Amino acid sequence: EKIEQIKLTTGSNSLSIVKKAQGEYIAFIDSDDFIELDHISKLCKRLKETESDMCIAPMKSVYNTGTIEYGDNSVDIIEDKVEALRMLLNDKISFSACSKLMLSSKFANIQYYVGRLYEDMATVYKFIENADKITFIHESYYCYVIRKNSFTRSSFSEKKKDLILSTKSMCDDLTKKYPELKDDCIRKLMW
C-alpha cells in the first residue's frame, strides 16, 4: 500500500496538508519520535477487522537513559462518543494525534490552530467526535522520545500558555455539546 509522507512543523496548518493527502488513512508521527516498522500495518489491520473509523495504540515512552515505559489500552472498541470523550478528558486516551490511524474521509475538515503549540489538545477531541467507532490495540509500536531539552520539558515560556488556551477552547466546546461532560472538563482544566 502507498504511504505518503508530508512533513509538518509544530503549529502548522495541517488542514491544508491533510486535504492534499490522497490516502485512505491519516496518521501523525512527530519528527523527533519513531515508530516500529509494522506500526501502521498493525493499526490498519485492526481498523479494517473492526470496520472502525479510528484505531488507537498506546505509546511507549523512550528516555535518553534507555528506560522504556509502556502505555496501556484496556478497551477494545468504543461506539459511544460521550464515553470516548470522557476517556480522553480523564487521560485514558492520549491527547496526542500520534499513535492513531484515522479514516481520512472522516477527519479531512478538522483544522489545527496555526501558530499555536499544544494544538493536539484543541484538535484530537474533534477526531473522536467525528468517529462513529473507535478501536484499540494493546501493543505499543509508537515510540515517544522523552528528551530533557524538549519544549514540553523546558522551563516556562509565554508560548506554554497555549496549553491553557487549547484546553479551555476544547472544554467550552464540549460542555456546550455534551453537558454530562462538565465535571470531566472541570477536572481537565484544573489538571
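Modeller: A salt bridge is a side-chain nitrogen of Lys or Arg within 4 Å of a carboxyl oxygen of Asp or Glu. This is a predicted model, in which local features need pLDDT of at least 70 and side-chain atom pairs count only at pLDDT 80 or more, while totals for chains, interfaces and linings use all residues. Residues are numbered from 1 along each chain as its sequence is written, and side-chain values use heavy atoms, with hydrogens and water left out.

The whole structure holds 11 salt bridges. One of them joins Arg 187 to Asp 91, with N and O 3.4 Å apart. Arg 187 sits in helix H7 (residues 182–190), and Asp 91 in the loop between helix H3 (81–89) and strand E7 (100–103), 96 residues away. Helices (H or I, at least four residues) and strands (E, at least two) are DSSP runs, numbered from the N terminus.

Asp 91 also forms a salt bridge with Lys 188, at 2.6 Å from N to O. Lys 188 belongs to helix H7 and Asp 91 to the loop between H3 and E7, so this pair ties together parts 97 residues apart in sequence.

For accessibility, buried means under 20% relative accessible area, exposed over 50%, and partly exposed in between (1.4 Å probe, protein chains only). Lys 188 is buried at 1%, whereas Asp 91 is partly exposed at 40%. Arg 187 is partly exposed at 32%.

Another salt bridge pairs Asp 172 with Lys 168, their closest N and O atoms 3.0 Å apart. Both lie in helix H6 (residues 161–177); because they are four residues apart, about one helical turn separates them.
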